[in-house]
Amino acid sequence: MFFQKVRTLSSQGSVDIYAAQCKNCLKWRVIDTQEEFEEVRSKATEEPFVCSRKANCSCDEPADIEYDSTRTWVIDKPNLPKTPQGFRRSLVLRKDYSKLDAYYVTPSGKKLRTRNEIGAFLKDNPEFKGVSVTDFDFSSPKIMQDTIPEIVEQRDSASKKAKIAKGDV
């Protein structure tokens, strides 16, 4: 059975829709919040997503969203830990579409970009005693190449050709 979870990216390079694919009918279902998405993702192996998991939804209903190139899609790794309560995981697409950068935002709004920064934050904030550095994952979702806008691909391939041509001369 096929199972994936995806995020689509807005034109600003951040996630604007969370979706999961039903293991039974393979239709994409929009997940209402980042927290719900993280819950589904964290249990992907033990509790694969099915349409009936959403209220008033079944495999007989049309898909909520179709996989196409109207937006850039990325596939998240299954079974990543849920972001600890009070923190928020954020992903930002690089301008060249090469990768998403993951970071965490603390309850006070501070961005943490590395495990070392998280460790220091936790050490300085004992009220997060039950939270561990291992509760944070900086894995980047895989960007689906067939949904990257053509202009980005053309720019990349043109610059590669230019480099090859200069090296040959």
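Asparagine 116 is exposed, with a relative accessible area of 66%; exposed means over 50% relative accessible area, buried under 20%, and partly exposed in between, using a 1.4 Å probe and protein chains only. This is a predicted model, where local features need pLDDT of at least 70 and side-chain atom pairs count only at pLDDT 80 or more, while totals for chains, interfaces and linings use all residues. Residues are numbered from 1 along each chain as its sequence is written, and side-chain values use heavy atoms, with hydrogens and water left out.

**Helix α2**

- Asparagine 116 belongs to helix α2; helices (H or I, at least four residues) and strands (E, at least two) are DSSP runs, numbered from the N terminus.
- Helix α2 spans residues 115-124, and its buried residues are Ile118, Phe121 and Leu122.
- Those buried residues line one face of the helix, because they fall within an arc of 95° when seen down the axis of α2; the arc is taken over the directions from the helix axis to the C-beta atoms.
- On the other side of α2, the exposed residues are Asn116, Lys123 and Asp124.
- The cover over the buried residues of α2 includes β6 (100-105) and β7 (111-112).
- Asparagine 116 and valine 133 are 17 residues apart in sequence, and 8.5 Å separates them in space, C-alpha to C-alpha.

**The sheet beside it**

- Three strands make an open sheet in the order β5-β6-β7, with antiparallel pairing; two strands pair if DSSP finds at least two bridges between them.
- β5 (88-93) and β7 stand at the edges with a single partner strand each, so one side of each has no neighbour in the sheet.
- β6 and β7 are joined in the antiparallel sense over two bridges, and leucine 112 in β7 is the bridge partner of tyrosine 104.

**Nonpolar cores**

- The largest nonpolar core has 16 residues, and Ile31, Leu100 and Ile143 have the most contacts inside it; such a core is a set of buried Ala, Val, Leu, Ile, Met, Phe, Trp, Tyr and Cys residues joined through side-chain atoms within 4.5 Å.
- The elements giving two or more residues to this core are β2 (15-21), α1 (34-42), β5 and β6, with the largest share, three residues, coming from β2.
- Another core of nine residues lies apart from it, and among its members are Tyr104, Ile118, Phe121 and Val131.
- Leaving aside neighbours within four places in sequence, isoleucine 143 is in contact (heavy atoms within 4.5 Å) with Thr72, Trp73, Val74, Leu93, Tyr97, Ser98, Lys99, Leu100 and Ile148.
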